[in-house]
Amino acid sequence: MIQIENVSLSYRDAPILRDINLTLCKGGITALVGPNGAGKSTLLSLIARLQPLQTGRILIDGLPVDSTASRTLAQRLAILRQGGAVASRLTVRELIGFGRFPHHQGRPDAGDLVSVEEALEQFDLQALAGRFIDTLSGGQRQRAMVAMTFCQGTDYLLLDEPLNNLDMFHARHLMRSLRAITDERQRTAIIVLHDINQAATYADRIVAMRDGSVIADGAPAAVLTEDNLESVFGYRMQIRQIDGRPLVLQHL
């Protein structure tokens, strides 16, 4: 369980997050949605201790993120940031293998190698395993980064816009893979998404944010209403129902 209690953050007196209180239970997919500047990526970075807390506290399975040992935290959660730079002369297999470092500390064993091969298979990267990162397309590189995050073997996956650079086929494949991972392996995925319909289709829970505050929180059908979407994104959208799930016609 991830507990976020009374978390606020400001930068040069400009509020970025405003009194966030959330409890994210284990299991399933939680999508963070909202316009640019809503605070979604900042919230992920605070959960992963990529920047220090200013007020409030965040607990991961009861462990405070600001004082827990780095290795302990890295064995519980993994984060994929936007636009993370990697060494160009790494192969895909080597990059994914870095996800195991919190476990083996530079001395991989047979189990770590098996985890790498499972990640290659899970994200359909076997054919690219020997390719250098700098020879990949943006979408292929993004899939490799997600696979590295998965290979870390943590209960919690924090993914900041993982669909960046992916075409429709691979975006769908990635979301289906994450759905299978959370269902079959009892992992928890917290994902920043700009595609509202990917969130509607695959997420169990949607947290909608604007201007550093949580505007709506709940199941997709409860959050994705015309009133809520207007409050979050600033304009009214039509909504249709497909197989019991909302489809947002945001382009009309």
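## Cysteines

Cys 25 has a relative accessibility of 46% and therefore counts as partly exposed (buried is under 20% relative accessible area, exposed over 50%, partly exposed in between; 1.4 Å probe, protein chains only). Cys 151, with a relative accessible area of 2%, is buried. A disulfide is a covalent bond between the sulfur atoms of two cysteines. With a disulfide taken as a pair of cysteine sulfur atoms within 2.5 Å, the count comes to zero.

## Basis of the values

The model is predicted: local features need pLDDT of at least 70 and side-chain atom pairs count only at pLDDT 80 or more, whereas totals for chains, interfaces and linings use all residues. Residues are numbered from 1 along each chain as its sequence is written, and side-chain values use heavy atoms, with hydrogens and water left out.

## Helices α5 and α6

Helix α5 spans residues 110-122 and helix α6 residues 138-151; their axes come within 9 Å and cross at roughly 140°. The two helices are therefore oblique to each other (angles under 35 degrees count as roughly parallel, over 145 as roughly antiparallel, 65 to 115 as roughly perpendicular and the rest as oblique).

On the α5 side, the contact is made by Ser 115, Val 116, Ala 119 and Gln 122, and on the α6 side by Ala 147, Phe 150 and Cys 151, where contact means heavy atoms within 4.5 Å. Five of these residues are nonpolar, two are polar and none is charged.

## His 251

His 251 lies in the segment after β12 (245-249) and counts as exposed, because its relative accessibility is 60%. His 251 and Gln 238 are 13 residues apart in sequence, and their C-alpha atoms are 9.2 Å apart in space.

Methods. Axes fitted to C-alpha atoms, helices over the stretch in contact; angles between N-to-C directions. Helix = DSSP H or I, 4+ residues; strand = E, 2+ residues; numbered from the N terminus. Nonpolar A, V, L, I, M, F, W, Y, C, P; charged D, E, K, R; others polar.
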